[in-house]
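User: I would like to learn how to read a structure, feature by feature. Could we work through one together?

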Amino acid sequence: MGLLQLLKSQLLCHLIICYVFLVSGLIINLLQLCTLPLWLLSKQLARRVNIRLAYCISSQMVAALEWWSGTECTLYTDPESYPLYGNENAIVVLNHSYEIDFLCGWTFCERFGVLGSSKVLAKKDLAYVPIIGWMWYFLEIVFCKRKWEEDRRTVSQSLQNLRDYPEKYWFLLYCEGTRFTPKKHQISMQVAESKGLPKLKYHLLPRTKGFWVTVQNLRGTAAAVYDSTLNFRNNEAPTLLDILNGKKYHADLYVRRIPLEMIPEDEAECAAWLHKLYQEKDSFQEHYTQTGCFPGPVVSPPRRPWTLINWLFWCSLLLYPLALLLTQLISSGSILPILASVALCSAGSLGVRWMIGQTEINRGSSYGNTKAPLNSN
Ligand SMILES: CC/C=C\C/C=C\C/C=C\C/C=C\C/C=C\C/C=C\CCC(=O)SCCNC(=O)CCNC(=O)[C@H](O)C(C)(C)COP(=O)(O)OP(=O)(O)OC[C@H]1O[C@@H](n2cnc3c(N)ncnc32)[C@H](O)[C@@H]1OP(=O)(O)O
Ligand SMILES: CCCCCCCCCCCCCCCC(=O)OC[C@@H](O)COP(=O)(O)O
């Protein structure tokens, strides 16, 4: 292990990174709260301000992936579609097997200039995660309870609100609805069998309602669906803690641009179209497993300096007062403030550890562990 690698694996480094993320995140959440009156005066200006504030948070995590861990991201896509990425609204359909798939998604958003504005259909529980969840509230992220009877109306309404969004965005949909586990896979293949659908080897059976409602509500606003399939080289499954430890990985993303007009309007036809898409995605994964690459040419977008610049800015802003405070505290020699600071640091560290836990598959939800009743409609 090299010296730099050893340094990156030190707890002290992780504590510093988490301190900067936590304090800057809370400051930004507070600034977002201050934009509330602006929403009444100029909604579009408030949205633009919040996009930039959100960038300051999410780009720190992207910086950790790109600059701290040095993870490389390769894009396999058609060179004719490439110039459109970042210059149009799109619905992204991504496989959901990795703990950091959302972070790789964010990295591609960053490289195409849509990180601050990008959206996702997220489970409601994530809205309560401090910093990220609170930031999402101001970004008009669409939340669902994964209960169609309740989501039908609220998801449609939230999607309608995005029709006049002032900046280009990608709307991410994990149609599988939950992360891949062997148990969830087994159950969902029983559902596939009972519906007469072919079995999938690498994906859960997609939930079609969210996709249909998204396509219907964003028709005329989103130009295309980006069918995206992610894999890591050498069969690796990195975690957020691996990234904090500075381990380097290589992500491969295969993207096909499908114009929105090609997607059927009728709900049943749209569902059948999505099932077929997942069968194709499964064959791409099989190709990757057999050959170690996706079909098609490689057009890799370069990493940009902005995530690093933002991170260094927050580090320089927040580390100096911390160092000053610690020096004063130690030189004062009084036990009570020292104990209070240790307690505060421990609470902060536990808080961040809990947030990291939200990304861990073995702490994931039980959604998909049982067969939901089959709908007839
Ligand atoms: C150029 C580069 C391109 C790309 C770059 C890549 C990406 C970057 C893009 C953007 C990034 C932006 C942000 C990312 C940041 C962070 C994201 C982080 C996390 C958030 C992710 C989540 O929270 S995922 C969980 C929430 N999302 C979803 O669930 C979406 C999918 N779900 C649906 O669509 C659902 O339909 C629903 C949620 C709308 C409703 O849920 P409900 O459970 O009520 O579902 P259904 O009504 O669909 O369920 C009943 C149907 O399902 C069948 N069934 C029953 N049991 C099962 C089972 N075990 N498995 C599968 N199917 C089952 C049942 O038979 C019913 O079928 P019907 O045919 O009758 O519908
Ligand atoms: C600079 C880095 C500092 C590190 C700070 C850590 C911050 C943690 C941010 C938490 C972001 C949470 C995003 C979770 C995304 C996710 O993958 O959610 C899972 C859902 O799709 C499905 O859930 P499930 O049904 O449980 O599989």
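**Reading the model**

Analyst: Start with a loop: Asn234 is found between strand 6 (224-232) and helix 10 (240-244). Helices (H or I, at least four residues) and strands (E, at least two) are DSSP runs, numbered from the N terminus. This is a predicted model, in which local features need pLDDT of at least 70 and side-chain atom pairs count only at pLDDT 80 or more, while totals for chains, interfaces and linings use all residues. Residues are numbered from 1 along each chain as its sequence is written, and chains are lettered from A and ligands numbered from 1 in the order in which they are written.

User: Does Asn234 count as buried or exposed?

Analyst: The test counts other C-beta atoms, placed from the backbone, within 10 Å of a residue's own: 20 or more is buried, 12 or fewer is exposed, and in between is partly exposed. Asn234 counts as exposed because it has 7 C-beta neighbours inside 10 Å. Asn235 has 8, so Asn235 is exposed as well.

User: How many residues of helix 5 are buried?

Analyst: Eleven of the eleven residues of helix 5 (residues 101-111) are buried, so the helix is mostly covered. Among them are Asp101, Trp106, Glu110 and Arg111.

User: How do I describe two packed helices, and at what angle do helix 2 and helix 4 cross?

Analyst: Two packed helices are described by the angle between their axes and the distance between the axes. Axes are lines fitted to C-alpha atoms, for helices over the stretch in contact, and angles run from 0 to 180 degrees between N-to-C directions. The axes of helix 2 and helix 4 cross at roughly 170° and come within 9 Å. Helix 2 is therefore roughly antiparallel to helix 4 (angles under 35 degrees count as roughly parallel, over 145 as roughly antiparallel, 65 to 115 as roughly perpendicular and the rest as oblique).

User: Which residues make that contact?

Analyst: Two residues are in contact if their C-beta atoms, placed from the backbone, lie within 7 Å. Helix 2 contributes residues including Ile17, Phe21 and Ile28, and helix 4 contributes residues including Asn50, Leu53 and Ile57. The contact residues divide into eight nonpolar, five polar and no charged. Here Ala, Val, Leu, Ile, Met, Phe, Trp, Tyr, Cys and Pro count as nonpolar, Asp, Glu, Lys and Arg as charged, and the others, Gly among them, as polar.

User: Where is Asn50, and which residues does Asn50 touch?

Analyst: Asn50 is in helix 4. With 23 C-beta neighbours inside 10 Å, Asn50 counts as buried. Leaving out residues up to four places away in sequence, Asn50 touches Gln32, Thr35, Phe138 and Leu139.

User: Which residues come nearest to ligand 2?

Analyst: A residue is near a molecule or strand if its C-beta atom, placed from the backbone, lies within 6 Å of it. Of the 22 residues around ligand 2, Thr178, Arg179, Met355, Gly364 and Ser365 come nearest. Helix 2 (11-34), helix 4 (43-68) and helix 13 (335-357) each give two or more residues to this shell. The shell divides into 14 nonpolar, six polar and two charged residues.
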